[in-house]
Amino acid sequence: MLPYNIDHVAIAVTDLDSAIAEFSAQYGAEPISREIVAEQGVEEAMIAVGGSHIQLLRPLEADSPVGRFLATRGEGLHHLALAVPDLDIALAHLREGGARLVDETPRIGGGGNRIAFVHPSAFAGTLIELVEVKP
Ligand code: CO
């Protein structure tokens, strides 16, 4: 179950192009990938930082989880993604401990990885994504 990396830290933004330009101007880092994940209603850009990534996330429409997040809280930290070696074992472990899961079963996220979200009520009001990185 032990996470072996922070896969990414996700920041919700309203305008992906200007967020990328601003981040690049301030920190000198450019995205290594950019993709639309229609199932989650987002477009995401991944910026490599050390062994991990900053993920900039924009909603495809206002009526989506990230769209509603922006409407109520504004831009900012959205979730923390932990890389785990086996997503099924991690989910079973969390379920046994009584953690509320957003995803009872894994789904396919950005990069084709298997992912699942754990509800913010499970730990310190923080939305956590578990990622099983494709070999
Ligand atoms: Co994510």
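Which residues coordinate the cobalt ion? I began my notebook with this one, keeping in mind that the model is predicted.

**Entry 1: the metal site.** I looked up the cobalt ion and found it coordinated by H8 (NE2), H79 (NE2) and E129 (OE), at 2.0 to 2.1 Å. Along the chain, I read the spacing of these donors as H-x70-H-x49-E. I then placed the two histidines: H8 sits in strand β1 (residues 5–12) and H79 in strand β5 (residues 76–83), so the pair ties together parts that are 71 residues apart in sequence.

**Entry 2: E129.** Next I asked myself: is E129 buried or exposed? Its relative accessibility is 6%, so I noted E129 as buried, the cut-off being under 20%. H8 and H79 are both buried too. I found E129 in strand β8 (residues 128–132). Setting aside neighbours within four places in sequence, I listed its contacts, among them H8, H79, L82 and F117. With H8, the side chain of E129 also makes a polar contact of 3.0 Å. I checked A83 as well: its C-alpha atom is 8.5 Å from that of E129, although 46 residues separate the two along the chain.

**Entry 3: the sheet.** I traced an open sheet of eight strands with mixed pairing, in the order β2-β3-β4-β1-β5-β8-β7-β6. For β6, I saw two bridges to the antiparallel strand β7 (residues 114–118), and R107 has I115 as its bridge partner in β7. Lastly, I saw helix α1 (residues 16–27) packing on the sheet, where it touches β2, β3 and β4.

Technical notes:
Residues are numbered from 1 along each chain as its sequence is written. This is a predicted model: local features need pLDDT of at least 70, side-chain atom pairs count only at pLDDT 80 or more; totals for chains, interfaces and linings use all residues. Side-chain values use heavy atoms; hydrogens and water are left out. Donors are N, O and S atoms within 2.8 Å of the metal (3.2 Å for Na, K and Ca); water is not among the atoms, so sites may look incomplete. Helices (H or I, at least four residues) and strands (E, at least two) are DSSP runs, numbered from the N terminus. Buried means under 20% relative accessible area, exposed over 50%, partly exposed in between (1.4 Å probe, protein chains only). Contact means heavy atoms within 4.5 Å. A polar contact is a pair of N or O atoms within 3.5 Å; within protein, one must be able to donate a hydrogen and the other to accept it, and residues adjacent in sequence count only if both atoms are side-chain atoms. Two strands pair if DSSP finds at least two bridges between them. Axes are lines fitted to C-alpha atoms, for helices over the stretch in contact, and angles run from 0 to 180 degrees between N-to-C directions.
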